[in-house]
Amino acid sequence: MKEKPLILIANDDGYGANGIRSLAQMVAPLGDVLVCAPDGARSGFGCAFTANDPIVLKQRENIGDIPVWSCTGTPVDCVKLAIDELLGGRMPDLVLGGINHGDNSTVNNHYSGTVGIAKEGCLKHIPSIAFSSCDYNPQADLMPLTPYVQNICRMVLRDGLPKGICLNVNFPVGAEFKGIRVCRMAFGQWLNEVDKRHHNRGYDYYWMVGHYANEEPEATDTDQWALHHGYIAVTPTNIDVTAYDYMQHFQEKLKG
């Protein structure tokens, strides 16, 4: 008999987060699932991996029949360790990141540990998807996302993804959606990112905060527009970051 698809799930909110537990339950009917996630929050770790410290894996309480492991490293470490140590020589048919508690559209793509998981899977030529919700409530009911998550996963399991491309999927807040938009990443930036404080022991310290400014709010083909208008935003994301349109331009400039 043909083996069921093997689905590896990680996140950057920690193995006990509501989002990863919800995602595991959503995709359980689609195959054999294993969860390997950080032992605590690792938001903003992007594609970082641990180079200078030892990493510890620990088995945790199952989610139903789904085995759960925690890792003291980064979200990307979780993918690497699961593939090398936990899957018994099988390669996953699908790598999933999420469901993240927070928006990973636009430039957040570059900072997100959730998207970093999908990029790591993609680097290993495994079809990979990052799922995020714009609802920052850590106890938000995410189960209404189930049919959309399952349909996207079924499509990718059936058809695969092109080499070097993963999917970044973001859901707006709410239980009902107008539909799905396949869209590009909006251009924008984070402003006023540093909140300086003074400790009563005599030294300064800083919180990284800020607010996001969309630099093209009227563009209707972006992930930000889709989310703000009630659509699920699906952004195909390239691993190859080469600016091909400018290669010849710089070649000419560098000749002299």
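Helices (H or I, at least four residues) and strands (E, at least two) are DSSP runs, numbered from the N terminus. The model is predicted: local features need pLDDT of at least 70, side-chain atom pairs count only at pLDDT 80 or more, and totals for chains, interfaces and linings use all residues. Residues are numbered from 1 along each chain as its sequence is written, and side-chain values use heavy atoms, with hydrogens and water left out.

**Exercise 1.** Determine how many residues of helix H4 are buried.

*Solution.* Step one: buried means under 20% relative accessible area (1.4 Å probe, protein chains only).

**Exercise 2.** Describe what is found at the start of H4 and which residue follows the helix.

*Solution.* Step one: at the start, a side-chain oxygen of Ser112 lies within 3.0 Å of the backbone nitrogen of Thr114. Step two: His125 follows H4, and its phi is positive, near 65°.

**Exercise 3.** Identify which element gives the most to the lining of the largest pocket.

*Solution.* Step two: helix H3 (108-111) and strand S13 (231-238) each supply at least two lining residues. Step three: S13 gives the most, with four residues.

How values were computed: Buried means under 20% relative accessible area, exposed over 50%, partly exposed in between (1.4 Å probe, protein chains only). A polar contact is a pair of N or O atoms within 3.5 Å; within protein, one must be able to donate a hydrogen and the other to accept it, and residues adjacent in sequence count only if both atoms are side-chain atoms.
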